[in-house]
Amino acid sequence: MSLDGLRAWIGEVERKLGMRTRVFLVLVAIAIGGAGAGIYLGIESDDDGATTEEVQALEERIDALGAGTAATALEARLTRLELQLTKLKAERETSSGDEKADGGSQSEEVPEIEAE
């Protein structure tokens with residue numbers, strides 16, 4: 001192998017190594033910049049965030065506003081369902097008494113209560 005061929009080969013290796021070094025340094029700079037930005041944003045976000053007391057106060061306010069309305073609606077619905085159930089039981093007892101008096105063995109279907 002000639003000396004000129006070795007020099008050309010070494011020159012090519014040095015160029016590749018130089019390019020890889022520059023690319024590596026650029027990637028390291030980007031990583032350091034990203035880490036710095038992440039740290040900065042992490043520190044700054046604590047100042048703008050809500051405190052635990054503020055979150056609890058907001059949750060209590062929402063519960064106070066929503067609980068009364070929801071509970072009233074549920075109580076009214078439960079009352080309606082109880083009335084329907086009472087009516088159905090009374091109709092069933094009435095129809096059972098009529099069947100026994102007639103001597104028939106046919107049973108009447110009880111209508112289903114549909115949820116609103």
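Glu12 is classed as partly exposed because its relative accessibility is 39%, the class lying between buried (under 20% relative accessible area) and exposed (over 50%), with a 1.4 Å probe and protein chains only. The structure is a predicted model, in which local features need pLDDT of at least 70 and side-chain atom pairs count only at pLDDT 80 or more, whereas totals for chains, interfaces and linings use all residues. Residues are numbered from 1 along each chain as its sequence is written, and side-chain values use heavy atoms, with hydrogens and water left out.

The side chain of Glu12 forms a salt bridge with that of Lys16, at 3.7 Å from N to O; the criterion is a side-chain nitrogen of Lys or Arg within 4 Å of a carboxyl oxygen of Asp or Glu. Lys16 is likewise partly exposed, given its relative accessibility of 47%. Both residues belong to helix α1, where they are 4 residues apart, about one turn of the helix. The search of the whole structure returned 1 salt bridge.

Helix α1 spans residues 3-48 and also contains Trp9, which counts as exposed because its relative accessibility is 52%. Together with Leu3, Leu6, Ile10 and Val13, Trp9 makes a nonpolar surface patch of about 480 Å². Such patches consist of residues with over 30% relative accessible area and no salt bridge, nonpolar side chains (Val, Leu, Ile, Met, Phe, Trp, Tyr) being joined within 5 Å and like charges within 9 Å.

The chain contains 2 helices and 0 strands, assigned as DSSP runs (helices H or I, at least four residues; strands E, at least two) and numbered from the N terminus. Of its 116 residues, 3% are buried. The accessible surface is about 10,600 Å², with 60% belonging to carbon and sulfur atoms; areas come from the Shrake-Rupley method with a 1.4 Å probe, and for residues only the protein chains shown count as cover.
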